[in-house]
Amino acid sequence: MNMANQMRNGMLQATSDSLMTAASSAPPQAQSFFYQQAAQKAIDEGNTDRAMQIANDHLNEAGKNTIMQAIDFKRLTTTASAEKLNEIKQKLAALPSDSDRVKYLIDLAAATQKDNPKLALRFLDDANALVAKRAMNYKDFEDQIKVAHAYATVDAKRSFQILDAGIAELNELLAAATVLNGFEVDIFKDGEMSSRSDSDLVGMVGRFSLELGSLSKVDLMAPT
């Protein structure tokens with residue numbers, strides 16, 4: 001579990017350059033994973049040409065198709081407009097998961113917020129609809145935090161609403177964990193949760209706390 005946490009944090013902090021270096025020194029069976037992550041990171045950095053080169057040089061057909069789809073969507077976010085809504089909807093529907101849809105809806109909102117704040121809010125509302133369901137895994141919680149963070153400069157009240165719903169679910173999981181403590185989990189000591197635990201649950205509680213701390217600086221009465 002600790003190794004998984006370290007890898008996830010490492011991926012978040014990595015650059016396309018560092019991931020390419022990791023790929024070149026990784027075992028053969030793991031290289032394609034790192035190359036695909038490097039290509040995706042290059043897209044996130046805005047370097048779609050490099051992402052395409054990585055995909056062409058190092059990925060199989062399925063991997064190339066995934067990266068090409070991501071590149072296509074990234075380019076669409078830079079020219080997003082109300083006139084392209086049908087095209088955007090079609091491309092969103094073709095994505096493999098709701099988590100991917102959340103990511104690109106947030107990108108679309110960021111790309112349109114300055115020139116078309118109403119359209120940006122519409123994209124965030126669509127993302128909110130995807131994370132409003134009950135979280136089934138930690139990735140779902142992460143997506144809730146991402147949408148809440150994206151709302152902060154547009155409609156901070158909705159940020160708090162999303163986090164409140166997530167916190168309610170986390171409280172349920174913590175209650176269950178107290179029953180299992182010492183058996184399936186080990187995150188409590190003398191009845192208190194240990195912040196030093198490597199548990200994903202403890203880590204997620206910390207993530208929500210940090211986001212709430214960030215939102216506490218937002219003026220809820222300020223115009224959006």
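Reader: Is Y104 buried or exposed, going by its relative accessibility?

Author: Buried means under 20% relative accessible area, exposed over 50%, and partly exposed in between, with a 1.4 Å probe and protein chains only. At 4% relative accessibility, Y104 counts as buried. Please note that this is a predicted model, in which local features need pLDDT of at least 70 and side-chain atom pairs count only at pLDDT 80 or more, while totals for chains, interfaces and linings use all residues. Residues are numbered from 1 along each chain as its sequence is written, and side-chain values use heavy atoms, with hydrogens and water left out.

Reader: How many helices and strands are there in the protein?

Author: Helices (H or I, at least four residues) and strands (E, at least two) are DSSP runs, numbered from the N terminus. The protein has 11 helices and two strands. Along the sequence, their pattern is α-α-α-α-α-α-α-α-α-α-β-β-α. Of the 224 residues, 38% count as buried.

Reader: Which residues of helix 2 are buried?

Author: The general idea comes from the helix itself. An α-helix has 3.6 residues a turn, so residues three or four places apart point the same way. In helix 2 (residues 16-25), the buried residues are S16, L19, M20 and A23. Viewed down the axis of helix 2, these buried residues fall within an arc of 105°, so they line one face of the helix; the arc is that of the directions from the helix axis to the C-beta atoms. T21 and S25, on the other side of helix 2, are exposed.

Reader: How many aromatic pairs does a search of the whole structure find?

Author: Rings of Phe, Tyr and Trp (its six-membered ring) pair if their centres lie within 6.5 Å; planes under 30 degrees apart count as stacked, over 60 as edge-to-face and the rest as tilted. The search finds four aromatic pairs. One of them joins F33 and F34, whose ring centres are 5.4 Å apart with planes at 80°, so the pair is edge-to-face. Another joins F73 and Y104: the centres are 4.7 Å apart and the planes at 35°, so this pair is tilted. F73 lies in helix 5 (residues 61-77) and Y104 in helix 7 (residues 98-112), so the pair ties together parts that are 31 residues apart in sequence. F73 is buried, with a relative accessible area of 1%. Elsewhere, Y138, F141 and F208 form one aromatic cluster.

Reader: Which charged end sits over the ring of Y104?

Author: A charge sits over a ring if NZ of Lys or CZ of Arg is within 6 Å of the ring centre and within 35 degrees of the ring normal. Here the charged end belongs to K103, 5.4 Å from the centre of the Y104 ring.

Reader: With which residues is F123 in contact, leaving aside its neighbours within four places in sequence?

Author: Contact means heavy atoms within 4.5 Å. F123, in helix 8 (residues 117-131), is in contact with L85, I88, L105, L108, A109 and T112. At 2% relative accessibility, F123 counts as buried.
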